[in-house]
Structure formats: structure tokens, C-alpha cells
Amino acid sequence: MSGELNFEAMPFGAYETVAPEQRGFELEEEFGRGARSRSRVQRFAPRVMPKRPGPPPAFRPGTRKKPPAYPPRFPRFPPRWPWPPVVGYGVVPEPYPAEPLPAGSEHMRWVQSALNDVLGLRLPVNGVADSATRSAIRSFQQREGLPADGTVGPDTERALIAARGGTSARAGGGTPPEPDTGQSGPAMTEPAEPAPAAPAQPAPAAPAQEVGFEWETFEQEFGDTQTIAERAAVKSRVAAGQRDPNALTDMVFFKRHPELGGRRLRADERKLADEWKAILRDIVLPELARGRAGPAAGTKVGDRDVAAVRAMAARKFPELGISLEQLLVRHQAEADGIPIEVLLAFIRYEAGTRLNHDATAGYLAKDKSGKPVRYVPSPKFYELGIFQTPAGLHGCVPKADNPVERSCAYPRPPGYNVAKSQFGQGWYRLTRTYPNESNWTDPTMQVRIGLWNLTSPANRIRDDKEFTALFPSKRSEWYLRMAVLYSFAAGAGWTVAFLRQYKNQLLALPEGQRWGFLSGKQASRINPETKRVETKTFDPENVRKKMELAAKLRAVRGATVTQSPGGAP
């Protein structure tokens with residue numbers, strides 16, 4: 001080896017990986033080809049490298065041929081296009097702003113607020129007619145006997161105003177705000193566009209203590225707003241016919257404390273009990289006093305019936321040391337929302353003055369002058385106590401020599417086969433024993449069994465899928481008349497017969513007109529004992545006199561019944 005270079009030295013610029021003229025789509029094409037042919041080895045044709053200007057070097061004989069010059073290979077897996085944006089150091093790209101939510105209308109906010117007050121719901125008052133809002137509208141329309149289409153038309157709007165007491169807290173008047181149509185009416189003028197103001201420099205933020213916001217004032221205003229909403233809810237319930245102070249107070253109290261789940265208060269929860277009493281004193285009783293109905297037309301408030309009921313309610317039971325009224329209040333939770341006045345009117349016409357010692361076995365038929373003519377052994381069972389609950393069989397028949405008097409096979413209550421009666425079943429449900437001749441007069445047991453006997457048939461009727469739409473609320477007068485009182489007077493079987501035969505007509509009517517519609521109507525059913533078809537005419541007299549007496553009691557007494565939080569004794 002001579003130590004001399006036997007090949008031509010290439011300049012540094014000849015190894016440029018990308019020619020200056022190869023740019024843009026050519027380079028992109030080349031990268032695309034490389035990505036599609038990853039499975040085979042890429043081979044690049046040798047390129048003719050440019051030479052520097054100057055005289056070519058002389059060829060020396062005996063030297064070897066110059067080796068070919070290969071350009072450097074590209075990476076086997078080049079990055080795909082498009083490449084991520086290059087962000088400078090410390091710079092974070094800002095995200096796209098979120099799309100703003102649709103703004104709700106003021107009219108729909110009023111509708112949602114009214115539905116919350118009338119139905120006791122918790123709809124968000126955002127002005128958006130979502131699925132929950134439309135479902136609540138349909139429920140209200142069904143309750144009022146309107147077409148349940150889920151839209152607020154003129155009829156639904158008027159019904160909402162009436163059910164809410166004629167006022168709109170959000171609109172500030174008796175009618176809701178008009179829907180925003182985006183057009184100016186005859187009494188509206190187009191607002192002039194303000195001149196563009198020069199951009200002002202933002203003022204430096206002031207410390208929190210210099211803002212001038214007083215939390216004490218905010219809490220007071222928030223409390224005032226809550227009290228206004230609670231008064232509106234109570235007022236709407238009173239306008240709908242609810243007169244029970246206990247139920248109205250529970251509604252407001254458990255709305256404030258949903259974590260209690262409607263349970264009864266314990267003896268150690270004195271703070272909650274004081275709050276319950278404050279709601280009764282400051283919210284419920286004033287609204288009942290304002291919405292108190294006067295006596296029925298043609299009746300005298302201080303008549304003998306009202307005086308007799310008040311004396312009966314104040315009578316004390318020697319074995320308990322408390323009055324009948326106090327005993328009913330003690331077990332108010334078991335009454336399932338039936339007002340005290342309705343219970344007292346029921347007891348007045350069913351049990352009379354003997355209360356827990358009353359045992360009815362048939363009745364005496366009288367002539368036009370009121371003179372008894374014969375004894376009628378119907379029904380065949382005893383009706384016992386304060387609520388005249390059906391008990392065992394009496395086996396009484398009229399005497400042959402004197403049809404006014406009776407001769408009974410089981411002259412002492414609770415009667416024969418009492419275990420199969422409502423009185424016996426209710427007694428067993430509470431004590432796991434059956435009543436006998438020595439303990440059936442217990443007033444506490446009679447009240448508890450009587451309330452169970454009143455409410456259980458009504459609940460069965462209301463829970464039946466066939467009649468659920470007829471009774472959307474237990475707090476209405478229609479529910480009290482038909483499901484509670486008429487079921488006791490005529491029997492649950494006849495109640496179901498009338499509801500089934502006239503269901504469509506009743507659904508088309510508002511609740512306030514349904515009772516009058518049924519008066520004089522006829523229904524048929526198969527007697528479960530004789531298996532024969534029977535027909536009955538709807539007679540509202542028994543229920544009517546009880547409800548009229550209850551209205552008189554409300555007018556005289558107001559809401560003077562001593563209540564207890566959550567129905568606790």
C-alpha cells in the first residue's frame with residue numbers, strides 16, 4: 001500500500017439526506033410508500049452526487065475503481081402525517097370553549113315552581129321542559145280531569161293558578177309570565193341599541209371583606225323565601241280540601257328534613273319537636289284560619305249536633321284518663337291522613353254517645369211518625385265500639401209475641417265466630433290474641449282497630465291498578481267520600497262496582513264534580529253468597545251528613561286540636 005488515497009474524497013455536502021429541491025408532496029409520497037412497504041426491505045438507487053467545481057483529479061494507472069457512494073437510509077417506520085403541533089416550552093394549548101346550555105323560559109320556570117307547590121315535587125326550576133317536568137304536568141292534568149298531553153295550555157294554566165291559590169310567586173301576580181316568543185307586542189317597544197363603549201381596564205380585585213356582602217342579610221332573605229314557599233304549599237293544600245293540621249305540618253317538616261324519611265320523632269329529639277311545633281304555630285294554623293270555610297247554607301253553626309260532638313270529644317275515658325279527642329290525636333298516624341273532624345263526625349253518627357260500650361245488633365224499623373214497628377236483624381253481626389267495627393254473629397231474631405223486641409242466641413258481644421270478623425282480625429293483628437267478653441271495650445284497641453278497618457279497604461281500592469288514576473291523592477275530599485266513608489257505609493264491593501261501571505265518565509270530570517255525578521246512578525254486581533245479580537242505587541246521604549257535620553266542626557273549632565310531631569304519641 002502506498003498510503004495514498006485511492007478514491008475520490010466526497011465533500012460533506014454530498015451526504016445531504018434530502019435534496020433541497022425535494023419538498024412538500026414529494027417527501028410525503030416517499031413517506032407513504034415507506035409506510036405501505038414495511039414488510040419488504042427498502043432499497044434505494046444510488047444517486048449521482050454533485051461535485052465541486054474544479055479540474056477533475058488525474059487518474060493514476062494501477063489504482064482500483066472508486067467505490068460507489070450510498071446515501072444514508074431513512075428510518076424504517078417514519079412518523080405518520082399529520083404531525084402533532086409543536087408547542088413551545090411552558091405553553092399549554094387552550095381547549096375549545098364548551099357549548100352553552102339552552103336557556104330556559106320564565107314561563108316554564110313558573111310552571112315548574114307551581115308543580116312543586118301543588119304536587120309536593122322537587123323539580124329543578126330551570127325553565128327547561130324536560131321529561132320529568134312533562135311527566136309532572138301529565139300527573140297534574142290527570143288529577144284535574146284534563147287531557148294528559150304533557151303541555152301547558154290555557155286550561156292547564158288556569159288549573160295551576162287555582163290549585164296554587166291564585167298567585168304566582170315568581171311572576172309576582174295572579175297569572176304566570178307570558179312565554180318568550182322573541183317578538184315585541186303592541187305595548188312593547190324595541191330597545192335602542194346602546195353605543196359601543198370603549199374597553200375599560202379591569203379594576204384590581206378587592207379583598208373579600210371589602211365587597212360589602214353581608215351573610216347575615218343573605219341568610220335572613222333566604223329564610224324568608226323558604227317560608228313564603230312553604231306558606232304557598234300549605235295554602236294550596238288547604239284550597240284543595242286538606243284541613244288536617246297534623247298532615248300539613250308533617251308535609252312542611254319532612255320537606256325540610258328529608259333525611260328523616262317520614263319517621264316518628266323520638267323523645268330525645270326535642271329540637272326537632274320544637275321546630276315541628278313552630279311550623280304548626282307560625283305557618284299551618286294561620287293558613288287554616290284564613291282558608292276556613294263557613295257553615296253550610298241553611299244550617300246553624302251552634303246546633304245540637306255540633307254541641308253534642310264537642311261534648312263527646314271532651315269526654316274522658318276513666319281507664320285512660322284522657323278524652324276521646326286526645327286519644328284520636330295520639331293515634332293520628334294510623335288514620336292515614338283522615339282529618340280529626342271527619343273522624344269525630346263519623347263517631348257521632350255511628351257510635352252515638354255510648355262510645356266504647358256501644359254494641360249494635362240490627363235495628364228497629366219505624367213508621368212515618370217515628371214509632372218502632374218491628375226489629376230487623378240486619379246485619380247479622382255485631383257492630384262494636386267507637387268505630388262500629390264488624391264483629392262476631394249475634395244470632396238475634398224478632399220475638400214471636402212482640403216483633404219490636406229481639407231474642408239473641410249470642411246476646412253478649414263480641415259474638416260468635418269473632419275470629420273471622422274484622423274486629424277479631426284487627427285485634428289479633430295487634431296482640432296475637434282474640435277479644436272476649438271482658439276486654440272488648442278497651443278504647444285504645446277499638447280506636448286502633450277502627451282506624452285500620454277504615455283505611456285498609458280504601459288503600460286496597462286506591463292501590464288497584466284499575467282505579468289508581470281515579471285517586472291520585474289521599475288528601476282530597478273525593479277520596480274521603482268515596483274510598484273511605486262510602487266503602488264503610490255500603491261495602492267495598494259496591495264501591496268497586498260503581499267505580500268500575502262509571503270509570504270513564506268519572507275520569508273525564510274534575511274531582512269536585514264526581515260525587516254529585518254518582519248520585520242516583522245504578523250499578524250491578526254478583527252477590528258472593530247467593531251468586532245472584534244484584535242492583536243498587538247510589539245513595540250519598542250517609543256520607544253527606546258526616547261531611548257536612550265535619551265542615552261545621554271546622555268552622556267552629558278551626559284547628560284547635562292538640563297535635564304531636566310526626567304522629568308520635
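How many residues apart are Phe423 and Trp427 in helix α11? They are four residues apart in this helix (residues 422-431), and are therefore separated by about one helical turn.

The views come from a predicted model, in which local features need pLDDT of at least 70, side-chain atom pairs count only at pLDDT 80 or more, and totals for chains, interfaces and linings use all residues. Residues are numbered from 1 along each chain as its sequence is written, and side-chain values use heavy atoms, with hydrogens and water left out.

**View 1. Phe423 and Trp427 form a tilted aromatic pair.** Rings of Phe, Tyr and Trp (its six-membered ring) pair if their centres lie within 6.5 Å, and planes under 30 degrees apart count as stacked, over 60 as edge-to-face and the rest as tilted; the count by this rule is 15 aromatic pairs. For Phe423 and Trp427 the separation is 5.7 Å centre to centre, with 45 degrees between the planes. Both Phe423 and Trp427 are buried (under 20% relative accessible area, with exposed over 50% and partly exposed in between; 1.4 Å probe, protein chains only).

**View 2. Tyr486 and Phe538 form a stacked pair.** Their ring centres are 4.5 Å apart and their planes stand at 25 degrees. Tyr486 belongs to helix α13 (residues 477-490), whereas Phe538 lies in the loop between β9 (533-537) and α17 (541-557), so the pair ties together parts 52 residues apart in sequence; helices (H or I, at least four residues) and strands (E, at least two) are DSSP runs, numbered from the N terminus. Tyr486 is buried at 3% relative accessibility, and Phe538 is buried with a relative accessible area of 2%.

**View 3. Ring pairs link Tyr486, Trp494, Phe498, Trp515 and Phe538 into a cluster.**
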